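This report describes a single protein chain for a reader who has the sequence and the coordinates at hand.

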Amino acid sequence: MNIARIQSLVALALFAATAQAQYKVVAPDGSVTYTDRPPAAANVKVTPMSRRGSAEAPVEASALALPPELRAVAVRYPVLLYTTPDCPSCDSGRQLLQQRGVPYVEKRVVTEEDAVGLERVLGWRTVPSLTIGAQALRGSTPIEWSAYLDAAGYPKESRLPRSWQPPKATPLVDKPKSTAPVAAAEPPPQPAAVPAPPESSEERPSIRF
C-alpha cells in the first residue's frame, strides 16, 4: 500500500470521527478533543457539533450537565445576566432566575472598562440587564423577563438538578494576561433571537425557527 493511499485512509478516519462527535472541547492549554459525551471539566470551552460535523455556537460546560430538555433550550437561548455589586435590583433578577431554575452566566460590571464593554455589547449601561439568546432586556422587570423566558421555552418551574450551581460571576471585561499583541479573532456565532411575546396576555409566545 503506497503512502498516498495510507494518508487518504487516515484523513477519512479522522473525518468520520469528527462527524460522529457531538462536542468539540478546547482545553486551557489549547488542545482540541472531539467527543460524543459532555466533558466533566468546567474550565474548558465546549462547542456542540451539528450532524454534518460543523461547529455551532460555543456554550458553557455547565449547560451540558443539564437534563436533555433543559439543555436544548439553554444551548439555543443561553441566558446572560449583567450585574454590579450592592444592587438590590440585580439581587431580585438573580433570585427570579434561580427560583425558576433558569441556568445562567453572570457578568459583573465593576470598572469603567466593564461599563464601556456593557455599552458596546448592549448599547446601554443599565444594570441589571439580561440577554436570552440574542434578545437583550434592560432593567429588572419580572413580567417582561418571564414573558421572554416563556417564549424561549424555559420551564416555569425548576428542573435543575439539586447539585447544579451557576458558574461563578466574572468581570465583564477580562484583564489581559500579557501585553503581547493578539491577532483579531473571528466573532463567535450569534445565539438565536427570542421572538417578542404577544401583547395579549391570552396568547402564548412561541419560538419560530
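The sections below go from the overall fold to the sheet, the nonpolar cores and the charged pairs.

## Overall architecture

The model is predicted, not determined by experiment. Five helices and eight strands are assigned in the chain. Read from the N terminus, these elements follow the order α-β-β-β-α-β-α-β-α-β-β-α-β.

The chain has 209 residues, and 33% of them are buried. Its accessible surface amounts to about 13500 Å², with carbon and sulfur atoms contributing 53% of that area. Of the contacts between residues at least 6 apart in sequence, 59% link residues at least 24 apart.

## The five-stranded sheet

Five strands make up an open sheet with mixed pairing, in the order β7-β6-β4-β5-β8. The edge positions are held by β7 and β8 (170-171); each has a single partner strand, so one side of each lacks a neighbour in the sheet.

Within this sheet, β4 and β6 run antiparallel and are joined by four bridges. Leu80, for instance, has Thr131 in β6 as its bridge partner.

In soluble globular proteins, nonpolar side chains tend to be buried together. The largest nonpolar core of this model contains 23 residues, and those touching the most other members are Val79, Leu97, Leu130, Ile132, Leu149, Tyr154 and Val194. At least two residues of this core come from each of α2 (68-76), β4 (79-83), α3, β6 and α5 (142-152). Helix α5 gives the largest share, five residues. Another core, of seven residues, lies apart from it and includes Val109, Leu118, Leu122 and Leu172.

When neighbours within four places in sequence are set aside, Leu149 is in contact with Val79, Leu96, Leu97, Arg100, Val102, Ile132 and Tyr154.

## Helix α5 and its cover

Which residues of α5 are buried? They are Trp145, Tyr148, Leu149, Asp150, Ala151 and Ala152. The cover over the buried residues of α5 includes α2, β4, α3, β6 and β7 (135-138). Just after α5, Gly153 adopts a positive phi of about 105°.

Arg94 is located in helix α3 (residues 88-100).

The side chain of Arg94 makes a polar contact of 3.0 Å with the side chain of Asp91. Beyond neighbours within four places in sequence, the contacts of Arg94 are Leu81, Thr83, Tyr104, Glu106 and Arg108.

## Salt bridges

Side chains of opposite charge can pair when their charged atoms come close. Across the whole structure, seven salt bridges are found. One of them pairs Glu106 with Arg108, whose closest N and O atoms are 3.1 Å apart.

Through salt bridges that share partners, Asp91, Arg94, Glu106 and Arg108 are joined into one network.

Definitions and conventions
Residues numbered from 1 in each chain as written. Predicted model: local features only at pLDDT ≥ 70, side-chain atom pairs only at ≥ 80, totals over all residues. Heavy atoms only, no water. Buried < 20%, exposed > 50% of the residue type's maximum accessible area, 1.4 Å probe, protein only. Contact = heavy atoms within 4.5 Å. Areas by Shrake-Rupley, 256 points an atom, 1.4 Å probe, with all protein chains shown as cover. Polar contact = N/O pair within 3.5 Å; in protein donor to acceptor, adjacent residues only side chain to side chain. Salt bridge = Lys/Arg side-chain N within 4 Å of Asp/Glu carboxyl O. Core = buried A, V, L, I, M, F, W, Y, C linked by side-chain atoms within 4.5 Å. Pairing = 2+ DSSP bridges.
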